[in-house]
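Good morning, colleagues. I should like to take a few minutes to go through one structure with you, with attention to its open spaces and its helices.

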Amino acid sequence: MTEELLSLPVPQVPAGDHGVAWLRANVVRFSNGAEHQRRRALTTKLIENVHATTLDELANALNLSGSLDDIAVIAPCYQPHEPITAEADAAVERLARDRGEETAARIGLLVQAWAATHALAARFRTGDPTPPVPITRRAAEGGVIEVSLEGHPFGHGSHACPGRTLATKIAKNMAFRAMHHQDEPLVLPNAWDYTSAAALHAAGFKAIGTTSLGVAAAHGIPDGMGLAGEQATALAALLRDLPCPVTVDLESGFGQDPAELVAGLDAAGVNLEDGRPHGLATPEEQALIISRVRERAPGVFLNARIDTHWHGIAIEETGERAKRYVDAGADGIFVPGLTEPRDIEKLASLAPLNVLAQQRTPQELGNLGVRRISTGSLLFRAALQHTVATAEAVRDGKTPQALGYAAVQELISRGTRSAAG
Ligand code: HEM
């Protein structure tokens with residue numbers, strides 16, 4: 001039924017030669033027939049090769065750098081049923097360098113992106129399953145009707161959203177960044193394969209990390225030696241379809257150029273460590289790597305792991321490194337082995353601090369300023385232990401405990417599909 005209704009024409013907008021009225025009259029969104037087809041081809045081409053990780057980058061790619069404040073003013077007046085404000089007209093006039101269809105398409109793309117992408121990011125953050133754009137409108141006999149987008153968050157048919165992939169990536173990045181600035185710390189479980197990640201997401205965890213030990217060990221490769229790059233990136237590619245932000249543990253970059261590696265991943269976040277297979281990078285070396293990654297993939301949350309602490313080096317050096325990495329562009333710092341309340345408080349004052357799960361509860365760690373608690377290799381190790389214990393139970397004639405076959409199948413089909421993404 002929805003699909004039939006979505007194939008009706010969109011409501012007609014009057015001609016306009018100024019401000020928002022001009023924009024409405026010249027964009028793909030409010031046109032039908034041959035005009036729609038022409039504008040659709042133009043609009044789609046403009047974003048065809050865009051790999052933006054933030055709305056800012058999208059604005060740059062559309063030759064509208066620095067325009068997002070104006071876009072935010074235009075967006076609430078864009079739909080034909082909304083009143084137009086003088087501010088919105090002025091904002092369109094500032095951005096429209098000419099009256100061409102391509103100029104309208106560029107502005108229209110950013111306006112379409114603005115509110116919907118923020119709303120999608122909020123869905124990732126809260127887990128709210130309602131579509132970010134809940135309804136649209138079509139022209140029917142007797143007037144304009146509202147059509148529910150339940151089951152079609154990105155629309156359907158000739159007007160379906162051409163920005164879906166781009167929007168999903170940007171919204172996951174936005175949501176993941178925001179998860180490090182909430183009242184409660186983000187509890188981030190670390191998966192080692194597709195199913196462990198899907199199971200954790202289905203259990204309600206809003207974002208998923210990967211564990212380098214789990215990924216390497218599952219393939220019979222020792223951890224921390226930079227040898228499991230292929231396996232880590234293959235897993236990152238599988239997890240791209242998961243309807244939640246994913247952050248990938250890249251050790252120290254697996255001997256590849258970390259900036260290129262991060263840019264090619266499509267992940268909402270990465271962990272990069274200053275530990276090396278046989279020692280530590282100098283702070284200068286690591287800061288340079290961080291600044292290159294920052295420049296190449298601005299939307300990706302870069303968590304700088306500092307390995308001095310668990311090498312037994314004085315906490316002051318960890319603090320110095322943290323400051324340097326944050327100045328170079330790190331979004332957060334991760335200090336494995338950190339448990340002393342005084343040290344936690346000190347480092348938490350420098351940047352969003354990530355610690356490993358430990359004796360203190362998330363609330364207690366939150367009170368010390370921690371923003372993210374990850375499980376590292378804990379879940380992988382727990383799974384191994386449970387696997388062996390289950391086999392032993394069978395051997396010893398006891399009743400084993402496990403998920404059912406159908407539950408796992410259901411998890412996989414649910415894991416890759418969501419109302420939001
Ligand atoms: C980078 C971000 C985005 C861009 C560039 C973008 C662009 C567009 C454009 C140009 C259209 C009009 C297509 C046409 O009329 O032929 C459109 C339609 C649509 N978009 Fe997006 N969009 C973005 C994000 C989103 C998000 C996050 C959602 C919600 C999940 C969304 C949902 C929709 C829907 C439902 C329609 C169809 C409306 C209808 O059929 O009436 N968009 N989008």
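This is a predicted model: local features need pLDDT of at least 70, side-chain atom pairs count only at pLDDT 80 or more; totals for chains, interfaces and linings use all residues.

Residues are numbered from 1 along each chain as its sequence is written, and side-chain values use heavy atoms, with hydrogens and water left out.

Let me begin with the pockets. On a 1 Å grid over the protein atoms alone, a pocket is an open set of points with protein on both sides within 12 Å along at least five of seven lines; a cavity is a set where a 1.4 Å probe fits but cannot get out; and lining residues have an atom within 4 Å of a point. Points are joined across faces, edges and corners, and a volume is the space filled by probe spheres set on them.

The largest pocket holds about 1100 Å³ of space. Its lining comprises 48 residues, and those nearest its centre are Arg29, Gln79, Gln112, Ala116 and Val133. Two or more lining residues come from each of helix H3 (33-47), H7, strand E1 (135-140) and helix H8 (164-178). Helices (H or I, at least four residues) and strands (E, at least two) are DSSP runs, numbered from the N terminus. H7 provides the largest share of this lining, eleven residues. By class, the lining has 30 nonpolar, 13 polar and five charged residues. Here Ala, Val, Leu, Ile, Met, Phe, Trp, Tyr, Cys and Pro count as nonpolar, Asp, Glu, Lys and Arg as charged, and the others, Gly among them, as polar.

The second largest pocket has a volume of about 510 Å³. Of its 35 lining residues, Ser212, Asp223, Asp249, Arg305 and Trp310 lie nearest the centre. E6 gives the most to this lining, with three residues. The lining divides into ten nonpolar, 16 polar and nine charged residues.

I turn now to helix packing. The axes of helix H2 (residues 19-26) and helix H7 (residues 101-126) come within 9 Å and cross at roughly 100 degrees. Axes are lines fitted to C-alpha atoms, for helices over the stretch in contact, and angles run from 0 to 180 degrees between N-to-C directions. H2 and H7 are therefore roughly perpendicular to each other, a term that covers 65 to 115 degrees. The contact (heavy atoms within 4.5 Å) includes Trp22, Leu23 and Asn26 of H2, and its residues divide into five nonpolar, three polar and one charged.

H2 also packs with helix H6 (residues 86-95), at an angle of about 65 degrees and with the axes 7 Å apart. Among the residues making that contact are Trp22 and Leu23 of H2 and Val92 of H6.

Finally, helix H17 (residues 378-395) has 18 residues, which at 1.5 Å a residue should span 26 Å; its end C-alpha atoms are 26 Å apart, which agrees. The expected span is 1.5 Å times one less than the number of residues. Just after H17, Gly397 takes a positive phi of about 75 degrees.

Key: Angles under 35 degrees count as roughly parallel, over 145 as roughly antiparallel, 65 to 115 as roughly perpendicular and the rest as oblique.
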